[in-house]
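Morning, everyone. Please bring up the sequence and the structure, and we'll walk through a few spots together.

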Amino acid sequence: MEQRHLGRTGLRVSRIGLGTLTWGRDTEEHDAADQLKAFWEAGGTLIDTADVYGGGEAEYLLGRLVERLVPRRDLVIATKAGSVPDPDRRVDGSRGHLLAALDASLARLGTDYVDLWQVHAFDPDTPLEETLQALDIAVASGRARYVGVSNFCGWQLAKAATWQLGPGGARARLASTQMEYSLLQRGVEREVLPAARDLGLGLLPSSPLGRGVLTGKYRHATPSDSRGASDRLAPFVEPYLDDSATRIVDAVITAADGLAATPLQVALAWVRDRPGVVAPVVGARNAQQLAAALSVETLSLPDEIRRALDDVSAPVHRYPDQDWSTL
């Protein structure tokens with residue numbers, strides 16, 4: 001699998017990442033083991049998790065599988081901290097919480113360091129410089145090799161990345177930002193992606209298949225074994241089952257038919273090769289689903305098909321996102 005630099009750093013990662021959102025909850029150990037081994041054998045290196053996935057079970061499961069199946073040195077393990085299961089405070093970006101969460105993640109993962117440590121979301125109740133100081137401490141102490149953020153909007157990302165580039169002490173440069181990005185969700189193109197590219201951060205798209213909708217499996221009905229049929233995950237899928245999404249999915253299916261490919265391959269290739277993207281993070285229920293995603297390595301979309309998909313999924317950009325002189 002092709003390797004790409006993560007932002008303006010020396011760290012190289014596979015251009016497809018393996019997500020573990022469902023590990024330890026919907027994905028059992030034998031399925032997770034099959035996925036990890038298949039991913040590694042295909043040349044994949046980037047494994048993305050978080051301290052809240054499965055209440056910590058995803059990290060714990062990954063830690064049990066590493067070394068037993070795949071050498072630690074062959075993986076780029078990325079995890080996140082900051083999300084908390086508290087209805088009154090969904091995010092805790094305080095220095096104390098973040099560093100304690102990192103130590104707990106390392107214990108579950110069974111490793112002395114993570115390759116990429118990310119703040120899961122912006123905390124409006126904690127000074128940003130305090131949150132960022134936790135990243136500096138993590139790198140200085142060797143507990144994290146690189147750091148990034150997730151789910152920061154444009155101004156939040158620009159402020160954080162610029163602060164880390166400023167003078168006054170050893171600050172850890174932000175390497176990446178992780179955001180939802182797909183043909184069904186192109187909101188990051190307004191401000192987040194331009195900021196990331198300007199400041200040298202790599203984008204790690206989550207839900208690159210539009211929460212599964214871009215595979216076409218919801219086109220006529222909801223499969224009984226899909227996320228859309230799950231009481232817990234159906235609300236996650238439902239926003240992408242509207243008429244606008246249907247038009248985009250139809251275009252993806254048409255493109256796939258013309259290329260003798262699958263809708264999954266077309267949708268994933270589109271986001272993988274967008275400017276500023278380093279590695280879409282895909283989640284799979286089993287090794288068979290993962291293999292279908294990894295097969296995209298051999299596909300590059302022709303320019304005319306890419307432009308057609310750009311057009312059918314184009315978001316509305318008005319002032320001030322668009323150049324004011326063209327309005």
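Where is Ala107 found? In helix H3. Keep in mind that this is a predicted model. Is Ala107 buried or exposed? Exposed, because its relative accessible area is 62%, and the cut-off for exposed is over 50%. Now take Arg272. Ala107 and Arg272 are 165 residues apart in sequence. In space, C-alpha to C-alpha, they are 32 Å apart.

Stay with H3, residues 95-109, and look at its partner. Helix H2, residues 57-65, packs against H3 with the axes 7 Å apart. The angle is about 40°. H2 and H3 are therefore oblique to each other. Which residues make the contact? From H2, Glu59, Tyr60, Leu62 and Gly63. From H3, Ser105, Arg108 and Leu109. By type, that contact has 3 nonpolar, 2 polar and 2 charged residues.

Helix H8 is residues 243-259, and helix H11 is residues 303-312. Their axes are 10 Å apart, at an angle of about 170°. So H8 and H11 are roughly antiparallel to each other. On the H8 side we have Arg247, Ile248, Ala251, Val252, Ala255 and Leu259. They meet Ile305, Leu309 and Val312 of H11. This contact of H8 with H11 has 8 nonpolar residues, 1 charged and no polar.

On to the core. In soluble globular proteins, nonpolar side chains tend to be buried together. Here the largest nonpolar core has 87 residues. Which residues have the most contacts inside it? Trp23 and Trp117. Look at Trp23. Leaving aside neighbours within four places in sequence, Trp23 is in contact with residues including Leu18, Ala32, Gln35, Leu36 and Glu57. Leu61, Leu62 and Leu65 are also among its contacts. Another core lies apart from the largest one. That other core has 11 residues, among them Leu6, Val76, Ala175 and Val278.

Last stop, the rings. The count comes to 3 aromatic pairs. Phe122 and Phe152 have ring centres 5.5 Å apart and planes at 90°, so the pair is edge-to-face. Phe122 sits in the loop between strand S6 and helix H4, and Phe152 in the loop between strand S7 and helix H5. So this pair ties together parts that are 30 residues apart in sequence. Phe122 counts as buried, at 17% relative accessibility. Phe152 is buried too, at 1%. Phe122 also pairs edge-to-face with Trp155, 5.6 Å centre to centre, with 70° between the planes. Trp155 is in helix H5, 33 residues from Phe122. Ring pairs link Phe122, Phe152 and Trp155 into a cluster.

Terms used
Residues numbered from 1 in each chain as written. Predicted model: local features only at pLDDT ≥ 70, side-chain atom pairs only at ≥ 80, totals over all residues. Heavy atoms only, no water. Core = buried A, V, L, I, M, F, W, Y, C linked by side-chain atoms within 4.5 Å. Buried < 20%, exposed > 50% of the residue type's maximum accessible area, 1.4 Å probe, protein only. Contact = heavy atoms within 4.5 Å. Axes fitted to C-alpha atoms, helices over the stretch in contact; angles between N-to-C directions. Helix = DSSP H or I, 4+ residues; strand = E, 2+ residues; numbered from the N terminus. Parallel < 35°, antiparallel > 145°, perpendicular 65-115°, else oblique. Nonpolar A, V, L, I, M, F, W, Y, C, P; charged D, E, K, R; others polar. Phe/Tyr/Trp six-rings, centres within 6.5 Å; stacked < 30°, edge-to-face > 60°.
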